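Open the model in your viewer and keep the selection tool at hand. This tour goes stop by stop, saying what to pick next and what is there.

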Amino acid sequence: MLTTSSLTIGYHRRPIAFSLDLELRPAEMVCLIGPNGAGKSTLLRTLAGMQEPLSGTVRLGGADLFSIPALELAKQLAVVLTGRVEAGNLSAYALVTLGRHPYTDWLGRLTPRDEEAVRRAMQLTGCEALAARPIHELSDGERQKVMIARALAQEPKVLLLDEPTAFLDLPRRVELLQLLKRLSRETRCAVLLSTHDLDLALRIADKLWLLSSSGELHIGLPEELALNGALARVFQSEGVEFDHARGAFKVHQPVCGPISLHGDRDGVATAWTWRALERIGYEVHNNGVRRPVHVDVLDSHHWHLTTPHGQSDHPTLASLLNALTAPSGNEPKRG
Amino acid sequence: MLSFPKLGLRAWIVVLLLVILAAAFILSLTLGSVRIPPEQVLRILSGGEPDKASWADVIFKFRLPKAITALLVGAALSAAGLQMQTLFRNPLADPFILGVSSGASLGVALVILGTGAGSASAFIAGLNAFGDLSLALAASLGAGTVLGAVLIVSRRVQNTVTLLILGLMFGYLTNAVVSLLIYFSQPERVQVFSLWAAGSFGGVTWNQMRVFAPVTIAGLFIGFVMMKPLNALLLGDDYARSLGLNVRRARFWIILSASLLAGVSTAFCGPIWFIGVAVPHVARSLLNTADHRALLPASMLMGASFALVADVIAQAPGSQYVLPLNVVMSLFGVPVILWVILHQRQLRFS
């Protein structure tokens, strides 16, 4: 649908990324991720035709994006930009109808066909109930849905979103990304969004575009980029470590030395014990090799701790952690 | 199926505003230094013979052109103010924000005060020979020059805020020159100038109306065509572009419309403040929308009624005094409009 060849983007002869050969396919949801300042917004703005590339071409449905007349382009490509929209005193419905701008007459009158498109856009995004509400009274999540409905009312083949989850809380982020994924399937629209929610992107995107600070772009399935180490490399240079095995950033630096953990492999109690131990600074192993400091998870009410200084039983996680951190005789050696 | 809210202006609101406007129009023909009963006014307008023959003269020579002028200026400045407030995303923007009235007042100041300023006065003294019309002509030239400059700049400048700052700077510059002219002028001439600056609907003759009315109507017409682009601009320039709007071209036409309206009304009636800032806010408050397809016609109708009523008050009915129009508008208008806006939902721009 949307393709680029040897695209170089940037501002004022200061290139940000070179020789990008990209492709967005119908019914595909792609997440654009990368550290701050890597040029995600610039790439999106270039693909949206809002900013000229330094070199190379962007093609939409076979035609050069920058030669498509603005009104024609608006019928094929819609954007949701970052930041709150202050459009004054408009109802959500009136805002969504603005998406029909490229289709309506000089007065902006809606034909039944336009009304149908608006209705469908609001149904798809689940914001019909908001129709009569003024947009300045909506929550950030509701407002973002309305802005997406407005974009859908353009009936685009390509939908570009710049950090649509930025102001939302976690449940709203999950909901929004699920919504976008469902939209890509139901409307066969190609969806590209930039986001900082790496965890969510890894789980939900059909494909990732990973833009590094040095201007390299890695393209692949989320799992591929995790497996081949591209994610780790891009974010390592930013001073954060990416844990291949668990698909998440490492938040804690191990400072207390190794500890071995034994418990039911799929056990929830074991998983959370693991996290707790990591949080207080242990490097946790669970490959069957016993370390001097060892924890057995018997069930979610019973932990057994073995240290070079002795053994103890703990009815709660808090008491286990206390024993591991308390400055007493059986304190494990700090490393 | 959910029913969606209606967009645009409801028919009953249009009818209501038209009735108010018609009442204000008749009122302004009725009241003045001499009171002419409404039924006599209607008889005169429909070509009948009034009880007193002189009344027909009063109506046709003075009150009718004045009422038409007030109506047009009220509509023009309200429409222009609305356009500027949306274009600059600023609730305090008025029709003169780009310096059109500064240009006009510089033109007028040169004509009235320039003759006293010394050397370069010969040409201007000649211009003064045109008498009455020369003020309108000078103001039109001044407003037109600024308008042209602003339009040229607007085609080149990408950023709307830059345009706003240029307009403000130009306003300061012309005000400085006008102040300088006032400083070096004879008091009688300064009085003439301040009379012009106080604003009046009474100066437009039928002859001048042939220029004034068509230009105003042309400006309003462009305004109507730009309602849809103004709605798109509510979302900001980037979104408007993504909706297929040629922002630079739309901006050009919006500025042309607003400046024509502000320029022509300043040229013929002096700078009329207040209407252009206040009326769009009243329209927004009362209609509770930002949709220009409702706001523009409603602002025009409200502004026209407001100007007519303000003019009636300025005539101080029954007396021989005529109060300065700008004084009346602020003294009587501000409380009314504060009440309207504070009693509605919170003030929001566009």
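Start with the salt bridges between chain A and chain B: the count is one. To see that salt bridge, select R45(A) and D238(B). Their side chains meet there, at 3.3 Å from N to O. Keep in mind that this is a predicted model.

**The interface**

Now widen the selection to the contact between the chains. How many residues does each chain bring? Chain A gives 41 residues to the contact, and chain B gives 29 residues. The area buried between chain A and chain B is about 3000 Å². Carbon and sulfur atoms give 65% of that area. Next, pick N89(A), H101(A) and R119(A). These three supply 22% of the area that chain A buries against chain B. That is more than any other three residues supply.

**The cavities**

Go to the largest cavity, with a volume of about 150 Å³. Which residues lie nearest its centre? Select T97(A), L98(A) and G108(A) from chain A, then N231(B) and R293(B) from chain B. They belong to a lining of 16 residues. Two elements give two or more residues to this lining: α3 (92–97) of chain A and α10 (227–233) of chain B. Colour the lining by class and you get seven nonpolar, five polar and four charged residues.

Select E163(A). What is its phi? The value is near 45°, which is positive in a residue other than glycine. E163(A) sits in a loop of chain A, with β8 (158–162) on one side and α6 (170–187) on the other.

Move to chain B and select F274(B). Phi of F274(B) is also positive, near 75°, and this residue too is not glycine. Look for F274(B) in the loop between α12 (247–269) and α13 (275–287) of chain B.

**The domains of chain A**

Finish by colouring chain A by domain. The domain assignment gives domain 1 as 2–240 and domain 2 as 258–325. How far apart are their C-alpha centres? The centres of domain 1 and domain 2 of chain A lie 45 Å apart.

Notes:
Residues numbered from 1 in each chain as written. Chains lettered and ligands numbered in written order. Predicted model: local features only at pLDDT ≥ 70, side-chain atom pairs only at ≥ 80, totals over all residues. Heavy atoms only, no water. Domains from an automatic or database assignment. 1 Å grid on protein atoms, 1.4 Å probe; cavity = no way out; pocket = protein on both sides within 12 Å on 5 of 7 lines; lining within 4 Å. Points joined across faces, edges and corners; volume = space filled by probe spheres on them. Helix = DSSP H or I, 4+ residues; strand = E, 2+ residues; numbered from the N terminus. Nonpolar A, V, L, I, M, F, W, Y, C, P; charged D, E, K, R; others polar. Contact = heavy atoms within 4.5 Å. Buried area = accessible area lost by both parts, 1.4 Å probe. Salt bridge = Lys/Arg side-chain N within 4 Å of Asp/Glu carboxyl O.
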